Amino acid sequence: MTPRRKLAFLALALYVTTLAVPAAIAATLYAGLAAQEREVLRQVAAERLPMLLLVAASALFACVGAARWLIGAYVLPLRRLTEQVRVLLGANEQLELASAGAREVAELSAAVNRLAADRRRLRQDAEALAREARERLEEERNRLAALMSELAQGVLVCNAEGRILLYNEQARALLTAGGREALIGLGRSVFGVIDREQVAHALERLRRALERGEQPAPARFVTATPAGRLLKAQAAPVASDGVVAGIVMTLDDVTGILDREAQRLGLLQALAAGVRSPVANLRAAAENLAAYPDMEAARRSRFVDIVAAESRTLSQSLNDALREYADALKASLTLEDMRAADLLGVARRRLESSVGVTVDAGAIDESLWLRVDSFAMIQAFGFLCGKLREEYGVRGVRFSAAARERFVQLDLAWSGAIVASDALALWETQPMHAGGQQTALSLREVLGRHGAEAWLERTGPGGERSGVLRFLLPAGEPVAPPARPARPAESRPEYYDFDLFRYAEQASELGERRLSALSYTVFDTETTGLEPSAGDEIISIGAVRIVNGRLLKGEVFERLVNPRRPLNRESARVHGIEAETLAAEPGIEAVLPAFHRFCEDAVLVAHNAAFDMRFLELKEAATGVRFTQPVLDTLLLSAALHPSQEDQRLEAIAERLGVRLIGRHTALGDALLEAEIFLRLLPLLEERGIVTLGQALEASRQTYYSRLRY
Amino acid sequence: MTKKVLIVDDEENIVTALEFLLQRSGYETRVARNGDEALSEVASFAPDLVLLDVMMPRRSGYEVCQRVRAHPEWQRIKIVMLSAKGRDVEVSKGVSLGADLYVTKPFSNAELVAKIDALLGGGRAGGQ
């Protein structure tokens, strides 16, 4: 109801009420009068009519006045108050309510003002608390980072899918030293830097321990880096609700240590093997000479010759051994104590899945412990079963184990084929490969390094078609599972709580993945000119990664490229790169493959991406490198959001979104700028309901066509 | 009757010394230079004891040992393995394949003869 109508309605109601009371009294009195008295009264009333009308008119006047006052003092101020409270709630909490109208209304607005002030204070307190908590968290993270950088060991944390959640500088240095492009990075796959099988094997062992309800002991293995360094890795699980959510790996460079160990071992073995025989011959001859002085001259001179010859052999083999092992480089194995049942359990899964033989591991005595390199042993089993299957058609094997002095006698039995011992002798010396993997070691070397033996056991005199391959493996010491830490497993230190742990690889297609959950490589190129098809070339590529909504300024790619053609003077003014600088740089055929590896697993982002992509496409034939990942364009995304803005240059978009312009016109500087713009576009896109990669690509496509029409 | 010892080794120098030592100790000896020869000598010479080197061309000492033990008529033959491989695991392998004794090189002549005497029941005839 409008104020004017309200006023009219209120005034009328008051007036009717005011008139109704005297009228009712008059009517009651009039009804009680006799006929003559009524006549008199009517005459009196008729004579006084002007005065009565005057009274009625002034009553009307008073009613309108009263209604006006009521509305001005209560209704309108309350209405204004309500609007102001709405503003206070929604937009401006600093708004001070004006006091107007009647005293009660003024008191109400004062009370609302006090309430608003209280609310402001509460909110400020809450914000202060939140800020404090954030700062504490940040401080803790910094402390963790400082601590990790102090460690001599490399530390790397990855989730169960092998995505890297954390690494320190040492890990990066160890894994990428002298190797290819540095491909360690948050959200990247750990399998790019550490052998997939070894990590999977460690995970499997940790899972098995958890399934048994034990606190798993760290899994150890030795791995080689692309640069040929040997790293000893220790993997401990990050357990959550009884499943392995990820692993923490510590890495040590043991290249030197293992070399020395292998050398010592090799020297000892060479000496033992090379010295025992000649010494035996010497001793036997010498003792004969001493014990039988009566021997005939010819025999005596024969033994003297033996002594001379064996002495020479001895010196020779000593020299050979020392020379051969002085700088020999051999990978060693890491032996650790584990249950025979565990080794065979893991072996069974591996053999059944990758070799394709069925395995009966029966009931293995839980008290049997081995000292083995489980990875190498399982490869050996895989290799042997592969041979049995390929060459003898064996489809199923049986494992059994028993203690034997200081060894564990482990039998691999099968039926259906007799294997000649010549075959085993041949297998022993071949490099092993099983299930598509190849290792440089032979079965003989693996057994030798374990101090183990293997032979084909004769089966019963009946000669049924079956066989037993018997291993004597060194027995190990039982390892007590580490005591459970006092704190419950759930209350992990805060710095383990990385968002990426929740980053589960969804089965959904890339297009259905949320934009906020994807990894991006934002890149930019500088070129000799603007016409790729006319022979213009890339002269630099800069790129930076965005993972889990964070710009990783530590993970950048920046390379200059020799274009092998003169620079266009105009574009040289833009990028400021001298021709002489470029002459010493590698060509595109060397840089593009490295950039391609840097972009692996990520969506590409560029400003006016069509331009950059055209340059990359034209190099496909020459470099053999194809960029097949989805591409997002900050220009098109910005135009989709703000179609009425004419200017979609990088500078203009940056200004609109409040991104500072620094380091422009270097490829990396522009890539960083684009990345910041892209990160600010993401929440705006989400407001428009553009949430998945597919939706963003579709919006870009429509924008592209609409712009074409202009 | 003189007990017979078959010496199996591919190294001439140790064979010479062992042959002389065992003959002087009152045993009849014969020599085989590799695994195959050893098996045929076991059949023809019918030794009471085989002194068996482990590392040989054509069939290792382990295999010869295994074959002898698999033959029902040769069960009474004593087997002494002689080896330059002296690790526990090799000793254990030799014994589990049926050797009566595993002697690592180098060894003492006197002790070796004493052990052989003990295995053959001290019943040697002749000699000193």
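View 1. Among contacts in chain B between residues at least 6 apart in sequence, 61% join residues at least 24 apart; two residues are in contact if their C-beta atoms, placed from the backbone, lie within 7 Å. Chain B holds five helices and five strands, and its elements run β-α-β-α-β-α-β-α-β-α from the N terminus on. Here helices (H or I, at least four residues) and strands (E, at least two) are DSSP runs, numbered from the N terminus. Of the 128 residues of chain B, 46% count as buried, meaning that 20 or more other C-beta atoms lie within 10 Å of a residue's own.

**View 2. Where chain B meets chain A.** The contact takes 29 residues from chain A and 26 from chain B. On the chain B side, helices H1 (12–24), H3 (61–70) and H4 (88–96) each supply at least two residues. H1(B) gives the largest share, eight residues. By class, this side of chain B has eleven nonpolar (Ala, Val, Leu, Ile, Met, Phe, Trp, Tyr, Cys and Pro), eight charged (Asp, Glu, Lys and Arg) and seven polar residues (the others, Gly among them).

**View 3. Helix H10 of chain A.** Take a look at residues 374–392: this helix has 19 residues and reaches 26 Å from its first C-alpha to its last. That is close to the 27 Å expected at 1.5 Å a residue, the expected span being 1.5 Å times one less than the number of residues. H10(A) is largely enclosed by the rest of the structure because 15 of its 19 residues are buried. Just after H10(A), A:Gly393 takes a positive phi of about 70 degrees.

**Notes.** Residues are numbered from 1 along each chain as its sequence is written, and chains are lettered from A and ligands numbered from 1 in the order in which they are written. In this predicted model, local features need pLDDT of at least 70 and side-chain atom pairs count only at pLDDT 80 or more, while totals for chains, interfaces and linings use all residues.

Definitions and conventions
Buried ≥ 20, exposed ≤ 12 C-beta atoms within 10 Å, placed from the backbone.
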